[in-house]
Amino acid sequence: MALISSGGRRSRVVLSEINVTPFVDVMMVLLVIFMVTAPMMQQGLEIDLPKTAHSGVKASEDPFVLVVRRDKEIMVGSTQLPLHGLQKKLKVIFSTRKNKQVYLKADKKVDYGFVAEVMGEIRAAGIYQIGLVTNPKSSL
Amino acid sequence: MIKNGIIKPFLTLFLVASSLFLFLGSYSNAVDQPFITVGQAKTKKSLIGLTPFIYFGADPQNKKMIDFGQELFAIIYNDLLVSNYFSFIDPAAYLENPLKKGLRPLPTDNNGFDFKNWQTLGADLLVRGGFKMVKETLEFEVYVYHVKQTRQILGKIYTGKMESVRELAHTFSNDLIKELTGKSGFFLSKIVATRREGIKNHKEIYVMDWDGARIKPITQHKSISISPSWSPQGDKIAYTSFAYHKNINSRNADLFIFDFLTGKRWLVSYQKGINSGANFLPNGKELLITISKNGNPDIYRVNSDGTNLRPITNGPNKAMNVEPAISPDGQTIAFSSDRSGEPMIYTMNLDGSMVKRLTFAGHYNSSPCWSPDGKYIVFSGYEKNHFDLFRINVDGSGLKRLTTARRTNGKLADNRDPSFSPDGSQIVFTSNRHENSQIFFIDIEGDNERRMTNDNYNWEQPKWSVGR
């Protein structure tokens, strides 16, 4: 009882500071993608060379690559997945997957809106590490 | 552009967040070692794609065969689950329909599965299997693949009668565990236990598969039959039954042996008083038993045909010496004795020399049992009005409580009568946490507790078969 009354008293103190919570929220969203992009640049190139990766030096890499083709087809492994239901599928896959990163490999001709939509699905599946794979010389 | 005032916290956040990410990155690399090392307490689980088995018959929709395939699958799934070596990919995550793809990978088979689809899921292992009937014989064809190395590690065709689906499934599970760990699984092993039943509270002895399936009676004496024990080869069971003796017009706790191969049953020891707690020596030809013909129970050694009975313990001071358990190398006996006042676990040489007290904690320690590697002894310890399982090193160090379960009403439950699985990874025991005494098992670290029996009977004294 004593705790509640003292808490009540405290709540009457005027807050003069800006509430930063919404700010942090927004920035975290920006950050997750931003910070992942930089280190992913090199790793993205590596996974484009599966034959060297296969030689056993880094067998543990185990990347999850989500490809968005020029015609907006979404490919995972050798399987095409519809955008509708992507979130649900990713959620199940990542419930047991050990490495929780997604490498997004979109053709440069795919419009920004569609990529954003795909990223939205990935985020909604509870995946917070999205690597944007950039490979200027090849387009899938 | 972001103004000065905001960019500062933004930068700090960025630094914190990026270092966190780097840490996660290196962490996941470090954890991802090659799979399954036996003996490690907390083995990292391998992610396995255990796909449904395809029926290759003329009529793929045959209900009976589809059900059969699901039964086969369920037995194997349970085996692999209980081994604690695997986590399973949710079938909803599959990127291809396993029932529509071949058992072999793509370049080999035109309609084969694609390793890429399983690598993407992060799978370590993939199991692909199918079955068909050739006349009366079942053929179960199954392959196991190392997904990251795109390599087959096991490929076999198992044949048998449809009724032997359990043997067939357990044999495959054993082979897979052997392939991955170098040690066979325990899936063909059996449990023997006592069951209380009937209005007169008879106790009869039953054997069952390790997973609680196929319960079969060993005794139907309509008496009290208790303390069953396996021979090392798994071909005999020694037990005690209260048999009627005409000459004294009363029942006496006599020791019997039942032989599975011949179906014969014979009386081994019938000294006045108890003849109980039998434990086969590793040679399978002799037993340790407890006999109370002189008033106090003492440990004796006897041939399995009842000849050559000779005492190992005697006192001291009329103390009881019971529940002998021979070490796997046949050199040391662990037993319970109240020579220090309260029942405690002791060890001694096979000839009765070099008696050493092993346990000092608690008030009542009983039912010692050895791990197959001879490193640990697990026993039931009584403390605060209930029994729990404890593990101790053979030198008396490293005492560890294994069970903690309570009853649903919060009251303390008795967890007792431990016995090791043949591979030493699990311990079977009984618990009355759900009111009736049921059979459970737990791993040697006291994790992954599972229920084995699920009925309204009271089960006691389970013993896991030693061989197989």
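**Figure 1. The two assigned domains of chain B in the predicted model.** The domain assignment of chain B places residues 40-181 in domain 1 and residues 190-464 in domain 2. Between the C-alpha centres of domain 1 of chain B and domain 2 of chain B the distance is 38 Å.

**Figure 2. Contacts between domain 1 and domain 2 of chain B.** On the domain 1 side of chain B, five residues are in contact with eight residues of domain 2 of chain B. The residues on the side of domain 1 of chain B that touches domain 2 of chain B comprise two nonpolar, two polar and one charged.

**Figure 3. Pairing of β1(B) with β3(B) and with β4(B).** Strand β3 of chain B (residues 86-88) runs parallel to β1(B) and is joined to it by three bridges. Strand β4 of chain B (residues 125-134) is likewise parallel to β1(B), with three bridges between the two. B:Ile48 has B:Phe88 as its bridge partner in β3(B), and in β4(B) B:Ile48 stands opposite B:Leu125.

**Figure 4. Secondary structure and contacts of chain A.** Chain A contains five helices and five strands, and its elements follow the order α-α-α-β-β-β-α-β-α-β from the N terminus. Chain A has 140 residues, of which 20% count as buried. Of the contacts in chain A between residues at least 6 apart in sequence, 78% join residues at least 24 apart.

Technical notes
Residues numbered from 1 in each chain as written. Chains lettered and ligands numbered in written order. Predicted model: local features only at pLDDT ≥ 70, side-chain atom pairs only at ≥ 80, totals over all residues. Domains from an automatic or database assignment. Contact = placed C-beta atoms within 7 Å. Nonpolar A, V, L, I, M, F, W, Y, C, P; charged D, E, K, R; others polar. Pairing = 2+ DSSP bridges. Helix = DSSP H or I, 4+ residues; strand = E, 2+ residues; numbered from the N terminus. Buried ≥ 20, exposed ≤ 12 C-beta atoms within 10 Å, placed from the backbone.
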